[in-house]
Amino acid sequence: MRVYLAFLLMLCLFTITFGQAAPRPASTTSAPTPEPERVVNVNRDLKTQIFEVKNRDPLSLVKVLRGLSSDDRGTQLIPDKDFKTITVRDYPENIAVIERALARLDVPEKLPTNLEFQLHVLAASRSGKEKSQIPNNLEEVVKELQSTLQYSNYRYVTTLFNRVQDGKDLEGQGTMDPIFNSPKGKTGYSYRFGDIRLGTDTAGNEMVQIGKLSFGLRLPVIVEKKDSGDVIDYRDSSIFTGLSLREGEKVVVGAANVGSSDEAIILVLSVKRIK
């Protein structure tokens with residue numbers, strides 16, 4: 001009986017001991033850290049300044065100046081074409097940068113240079129006997145041609161004048177008197193100067209560059225002689241090139257045969273700036 005009671009007592013103690021819930025471990029997760037409040041610099045006041053535009057278009061200037069603005073809330077860049085002004089609302093340091101930029105940008109626009117071209121047309125032959133007065137300004141050129149080319153006779157035909165702005169193209173056409181023994185009738189001509197640029201060479205000397213120069217003649221030629229009258233046809237003669245020249249110098253552009261290898265036209269070009 002005593003053994004049975006002792007067994008019941010031990011069973012009750014075991015049930016009480018292991019029946020209790022195990023204590024939960026303390027949580028290791030900390031509470032979320034609050035984000036710091038955004039600090040706003042209320043001492044940076046926006047300023048407003050009006051700039052007068054003297055030379056350029058205010059709308060075009062504002063397109064360039066927008067990159068210098070702080071672009072913060074409340075800032076402005078307002079062009080006024082009628083009053084020629086730009087109103088700037090921004091921080092003082094940005095206004096100062098915009099003011100310096102305006103001083104560099106608002107300058108008079110550079111006007112293109114006017115150029116006058118003189119295209120001299122000479123007729124050259126090996127057997128011609130006609131005499132012609134050569135203008136004084138072409139005498140040195142003719143002497144050089146006589147020592148360089150195989151033509152013994154030179155005749156002045158005409159000079160074509162044209163003015164054009166730097167960066168533009170130039171073209172013209174017309175008629176001139178017959179060349180050499182061409183039959184009666186006018187000789188047609190046409191020319192074109194493309195991509196005209198005023199620049200400098202590697203030594204710093206000012207040069208006029210012509211990217212594409214073309215000159216063409218349409219000449220009447222006797223192809224057959226008949227008792228009833230000569231049969232006349234038209235032949236084309238052309239020069240294509242590109243070149244550079246300095247103001248005042250005379251440059252031989254080229255030569256082209258006219259009708260036969262004994263006759264040719266020679267082009268001499270000069271240019272000067274028109275102020």
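In the predicted model, Pro-79 has Ile-86 of strand β3 as its bridge partner. Strand β2, spanning residues 76-80, runs antiparallel to β3, and the two are joined by five bridges. Four residues lie between the strands of the β2 and β3 hairpin, where Lys-84 adopts a positive phi near 55°. Strand β3 (residues 85-90) also pairs with strand β1 (residues 47-52), in the antiparallel sense and over six bridges. For Lys-47, the bridge partner in β3 is Asp-90.

The largest nonpolar core contains 32 residues, and the members that touch the most others are Phe-117, Phe-193, Phe-215 and Leu-269. At least two core residues each are supplied by β4 (114-125), β5 (153-165), β6 (170-176), β7 (187-200), β8 (206-224), β9 (231-245), β10 (251-258) and β11 (260-274). Strand β8 provides the largest share, with six residues.

With neighbours within four places in sequence left aside, the contacts of Leu-269 include Phe-117 and Phe-193, both of which are also listed with Leu-269 among the core members touching the most others. Further contacts of Leu-269 include Leu-119, Ile-210, Leu-213, Leu-243, Leu-245, Val-251 and Val-253, as well as Gln-118, Glu-249 and Lys-250.

Thr-158 is located in strand β5. Its relative accessible area is 19%, and Thr-158 is therefore classed as buried, the cut-off being under 20%. Residues up to four places away in sequence not being counted, Thr-158 touches Leu-119, His-120, Val-121 and Met-176.

Conventions. Residues numbered from 1 in each chain as written. Predicted model: local features only at pLDDT ≥ 70, side-chain atom pairs only at ≥ 80, totals over all residues. Heavy atoms only, no water. Core = buried A, V, L, I, M, F, W, Y, C linked by side-chain atoms within 4.5 Å. Buried < 20%, exposed > 50% of the residue type's maximum accessible area, 1.4 Å probe, protein only. Contact = heavy atoms within 4.5 Å. Pairing = 2+ DSSP bridges.
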